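Work through the exercises below with the sequence and the model at hand. Each task is followed by a stepwise solution.

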Amino acid sequence: MPQEHVTSRREFLRRATGATAWLAGAGTLFDSVATASPAASSKSAPDLVLALTASQSETQILPGKPTAVWRFAARVLKGDGASVKPSPGGYLGPTLHLKKGQRVRIEFDNQLPDPAIVHWHGLHLPEAMDGHPRYAVGPGKPYVYEFEVINRAGSYWYHPHTHGITGRQIYRGLAGMLLVSDEEEQGLRLPQGESDLPIVLQDRTFGRDNQLAYISEGGDGDRAGSGMMGGSMRGGMMGMMSEMMGFLGDEIFVNGRRNAVLPVASRAYRLRLLNASNSRIYRLAWGDGTPLTIIATDGGLLERPERRAAVTLAPGERIDLFADFSDKPVGATLVMRSLAFENPMGGMMGGMMRQGKLPSGAAFDVFRIRVDHRDGRSARLPERLSALPPSKEKETLNFGSPRPFRLTMGMMRWGINGRTFDMDGVADDEIVKLGTSEVWEFANDASRMMAMPHSMHLHGAQFRVLGRTSSGRRTGLRESILDAGLKDTVLVLPGERVKILAPFSRYVGLFPYHCHMLEHGDAGMMRNYAVRA
Ligand SMILES: [Cu+2]
């Protein structure tokens, strides 16, 4: 281990007062990985060591008073200096670039006034490295992650996973992209470097003094009224509604900036879109009607590019687009739109949520691409991108009788099979066996009072979507859903049943599965499942 790293690590430990048992045990973490995975058997120093902090900050978004935000910052303590790339402007955390097979240590330092823990969304990790809310550390406390990157190349992301306050913490700015590359992907010569753009979609509302306003945090008293949801209604009735139905911001932010314009050259790009909004669903399409060329979903490259007029992107989901601007003149602009769709929030409550400045299902511009210089280079998109691991559907334990997960509403609280989150708890019907695959079925049997889409996310597994059954009624949203490739998050619309095939490999332990509409998850629409040997 290089001396330089030892020094900075000691420094970190000294600074992080109160770091006790956990840090003392950190040196043994690779042992526990090793017992679970033969591939990680050599107990060696990590290839990459990052320091990651979360702290209070401010940024200039509107003219006048800066906006208070919370943000991640990272620096490389050891290894490839290009592993951390700052997010351009805005408040988002830097983009982390990891490689498959890399052994990584991330020394997280919580400088927030809140407890916090970081989840590496989409990565397959040992339980203690995955950011389960029970590992949250208090203000001023560290948490050391050590893991091997075993995921295939893909667009993943990181965000806090603190019980009950994840929505608020992400809303204030705590999120960043985490890109994994591998040899298969490198061989394809897809656009990279400056031609590979993370595009993080969020929605935000400004309240008093240019500050971000969230649910019942107030700050909206001086806003111009927008119907019954405007003005002073927001903190009270609207706050309660948002808390239950999910927060929708008034304005769209891309990479932490509003009215985002992304300057490009006239060449081909890889656009990595992440929906990091609290609860908003997008139905993305190019403004000029050009089909979207999708090359990857949550868990990495598709077998072949998919061309679609529009694609639905639910909270937590990612799609990578291939976009060739080589025939565009300098000065040309192209708009990414979110197309109108039938508001999936039904029932009495859903009717109320159809109001507000930017209701669910409204059409709006998401961002603009502007060609600002010429570049002769053109890139060819291969027709075959990747070989997905075989899904072995017929070999699953319960093929034909899926494990049922009803998305429920009881006592005005969202739940799963009628239960809400229990920090260490797991029910008998939530235990799976290491080394097996199972079919799970999420059933969103909407009631008349409450019909909401849910964006279901599993930690610890990349799954396949086997199919969805629904009434078949056209809503716009449903027709645009892309279930291809490996997924870790899947949208389940009201009235739908969605079947997935999930493998439980490599690591035993307790892993959360939950709705990624952050207000639903925070309200308890989250459970553990246990992987046992
Ligand atoms: Cu939900």
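**Exercise 1.** How many residues lie between strand 16 and strand 17 in the hairpin that they form?

Solution. The structure is a predicted model, in which local features need pLDDT of at least 70, side-chain atom pairs count only at pLDDT 80 or more, and totals for chains, interfaces and linings use all residues. Residues are numbered from 1 along each chain as its sequence is written, and side-chain values use heavy atoms, with hydrogens and water left out.

Step 1. Strands (E, at least two residues) and helices (H or I, at least four) are DSSP runs numbered from the N terminus.
Step 2. The hairpin of strand 16 and strand 17 has 2 residues between its strands.
Step 3. Strand 17 covers residues 300–308 and pairs (at least two DSSP bridges) with strand 16 in the antiparallel sense over 5 bridges. Ala 296 has Leu 301 in strand 17 as its bridge partner.

**Exercise 2.** Find the other antiparallel pairing of strand 16 with strand 19.

Solution. Step 1. Strand 19 (residues 318–324) and strand 16 are joined over 2 bridges. Opposite Ile 294 stands Leu 321 in strand 19.
Step 2. Strand 16 (residues 292–297) is largely enclosed by the rest of the structure, because 6 of its 6 residues are buried (under 20% relative accessible area; 1.4 Å probe, protein chains only).

**Exercise 3.** Which protein residues are donors of the copper ion?

Solution. Step 1. Donors are N, O and S atoms within 2.8 Å of the metal (3.2 Å for Na, K and Ca); water is not among the atoms, so sites may look incomplete.
Step 2. His 454 (ND1), Cys 515 (SG) and His 520 (ND1) lie 2.0 Å from the copper ion.
Step 3. Their sequence spacing is H-x60-C-x4-H. His 454 lies in strand 26 and His 520 in helix 8, so the pair ties together parts 66 residues apart in sequence.
Step 4. His 454 is buried at 0% relative accessible area, and His 520 is buried at 0% too.

Key. Buried < 20%, exposed > 50% of the residue type's maximum accessible area, 1.4 Å probe, protein only.
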